[in-house]
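Please read the report below alongside the model. It covers contacts with RNA, domain packing and salt bridges.

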Amino acid sequence: MIVSRFAPSPTGFLHLGNARTAIFSYLFARHHGGKFILRVEDTDRERSTREFEDMLLEDLKWLGLEWDEFYRQSERLDLYREYTQKLMESGHAYPCFCTVEELEREREEAERRGVPYRYSGKCRVLAPQELEEYKRLSKPYTIRFKVPDGRLVVFEDLIKGHIAINVDDFGDFVIVRSDGTPTYNFVVVVDDALMGVSHVIRGEDHIPNTPKQILIYEALGFQIPKFAHLPVILGEDRSKLSKRHGAVSVRNYREEGYLPEALFNYLCLLGWSPSGTEREIFSKEELVSLFRLEDVNSSPAVFSKEKLRWMNGVYIREVVSTERLVEEFIPFLERAGFSANKEYVKRVIEKTRDSFETLSEGVERLKVFFVDRVEFSEEAKAVLENEKSRHVLELFLDKASQTDLNAQKVKDIAKEIQRELGLKAKDVWHVLRASLTGQLEGVGVDVICDVMPRDRLIDRIENVLKYF
RNA sequence: GCCCCCAUCGUCUAGCCAGGUCCAGGACACCGCCCUUUCAAGGCGGAGAUCGCGGGUUCGAAUCCCGCUGGGGGUGCCA
């Protein structure tokens with residue numbers, strides 16, 4: 001059975017890089033008809049909060065990721081203790097009474113002498129009476145894993161290929177902190193093993209951890225899973241994508257008006273491309289059936305907000321249903337202070353969805369449909385203050401009074417006005433646009449007349465006649 | 001410093017594993033034209049990569065091998 005998992009720590013919003021890791025891990029499991037586990041890694045009590053966890057789960061759901069099993073490491077502490085005990089008994093781990101200060105000093109010393117630092121391992125060989133003394137004083141201690149000498153740990157990474165690391169590069173590492181909580185490298189092994197994880201898919205920043213974990217798998221007699229390390233996502237400056245680069249959390253994009261399926265689709269294409277097609281727009285189902293780890297790139301990719309934006313535009317204008325779009329759009333309208341009737345919004349969206357790329361841009365572009373009072377730009381004022389504009393508007397009102405208004409009617413009327421007043425089409429439309437929207441650019445005037453209620457249109461024009 | 005990973009248009013990438021069909025294909029962004037009541041969208045076209053550099057192997061290398069350089073990551077009682 002194929003089992004993959006996503007194991008975030010609840011210390012902030014869901015980061016784009018983690019989101020992509022989650023997506024790949026999810027697609028992999030679904031592709032193989034396997035199981036996808038969500039495991040919250042909250043053993044770091046200093047930084048983990050339940051609020052962040054809630055956000056994380058919400059963001060994952062919003063993205064469209066659903067998991068088959070859910071675990072929280074803080075609820076499995078007894079289990080980890082059991083395995084710590086096993087490692088102690090089998091001589092794979094030992095208590096270490098060194099203080100942070102002492103260790104810090106050793107590290108600085110190594111730094112100064114220009115030699116690579118690794119823990120000396122001095123607590124490996126404590127004399128029995130020394131140990132007794134510490135116990136008697138209840139001196140706090142950590143538990144360290146005993147790293148064997150000269151061992152070359154080798155594994156075949158599903159993305160990176162053959163990787164060999166000499167464990168002499170690191171000293172005995174801590175698996176249980178002095179406050180009794182277990183550390184990442186240890187719990188990740190216990191959990192992955194116990195949860196039957198067959199494929200560990202995670203960021204490449206975990207490659208250096210992998211040999212440590214393999215050592216623990218072996219010490220505990222667990223079966224070693226397959227590893228797949230995804231390349232990192234970079235910012236424009238080619239350093240690891242972080243807050244410095246601006247909006248980097250899923251939440252940011254959600255709030256800016258990106259659709260979850262567009263973000264999902266875009267993130268998939270960062271570091272992966274399906275073989276045998278040059279298409280780029282895929283449904284989740286298609287992604288599930290196309291996804292293969294073999295097609296994941298081994299080199300890091302730069303995140304391009306430009307391209308995400310374009311793709312979001314594709315989803316807005318041609319992928320999602322109008323109903324969906326309306327549902328997504330209304331909260332944005334409301335947040336901008338407009339009250340909206342669903343049927344009306346739907347009529348607006350139907351005609352205009354091909355003209356904006358994010359929902360917040362949509363609000364900007366479409367607010368002319370919802371404002372009570374039109375605000376005029378300087379250019380629009382200039383147009384309306386022209387004497388000819390008055391004739392155009394009066395004539396328009398006159399002609400409109402005998403008929404209802406829709407796109408075709410408005411075009412007819414504009415043409416008549418143009419002929420009767422000897423104007424260029426452009427001039428007529430400009431005046432109408434300025435009166436109706438207060439702007440010289442934006443959605444087509446015919447569309448506006450098609451969608452907006454007749455009395456509102458007439459109102460706006462009469463208003464202009466009154467004040468200009 | 002030490003360890004590890006990576007290297008095709010500005011960016012995402014195809015091609016690399018099974019060397020010739022690649023004077024390198026697609027997408028975003030960019031530029032131009034068309035459409036047009038404006039801005040977008042859309043249509044058409046253009047520019048853009050001596051396949052990081054240097055050696056090999058080979059009749060032939062983006063593709064295989066070695067070295068170098070550059071970039072990234074790790075080096076915690078964070079995950």
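The sections below go from the basis of the model to its contacts.

## Basis

This is a predicted model, in which local features need pLDDT of at least 70, side-chain atom pairs count only at pLDDT 80 or more, and totals for chains, interfaces and linings use all residues. Residues are numbered from 1 along each chain as its sequence is written, chains are lettered from A and ligands numbered from 1 in the order in which they are written, and side-chain values use heavy atoms, with hydrogens and water left out.

## Surface near the RNA

RNA strand B is surrounded by 61 residues. Here a residue is near a strand if one of its heavy atoms lies within 4 Å of it. The closest are Arg177, Gly271, Glu280, Gly442 and Asp446. Of the RNA strand B atoms that come within 4 Å of the protein, 73% belong to sugar and phosphate.

Several elements line this surface. Helix H4 (100-113), strand S7 (161-166) and helix H18 (425-437) are among those that each supply at least two residues. Helices (H or I, at least four residues) and strands (E, at least two) are DSSP runs, numbered from the N terminus. H11 gives the largest share, with four residues. By class, the surface near RNA strand B holds 22 nonpolar, 18 polar and 21 charged residues. Nonpolar covers Ala, Val, Leu, Ile, Met, Phe, Trp, Tyr, Cys and Pro; charged covers Asp, Glu, Lys and Arg; the others, Gly among them, are polar.

## Polar atoms at the RNA

A polar backbone atom of Cys98 sits 3.1 Å from a base nitrogen of RNA strand B.

## Domains 1 and 2

Chain A is assigned domain 1 (3-72 + 183-233), domain 2 (78-176) and domain 3 (372-468). These bounds come from an automatic or database domain assignment. The C-alpha centres of domain 1 and domain 2 are 24 Å apart. About 2300 Å² is buried between them, 78% of it from carbon and sulfur atoms. Buried area is the accessible area (1.4 Å probe) that two parts lose on being put together, summed over both.

Two salt bridges are counted between domain 1 and domain 2. A salt bridge is a side-chain nitrogen of Lys or Arg within 4 Å of a carboxyl oxygen of Asp or Glu.

## Salt bridges

The whole structure has 46 salt bridges. One links the side chains of Arg251 and Asp59 (2.8 Å, N to O). Arg251 lies in helix H8 (residues 250-255) and Asp59 in helix H2 (residues 50-63), so the pair ties together parts 192 residues apart in sequence.

Conventions: A polar contact is a pair of N or O atoms within 3.5 Å; within protein, one must be able to donate a hydrogen and the other to accept it, and residues adjacent in sequence count only if both atoms are side-chain atoms.
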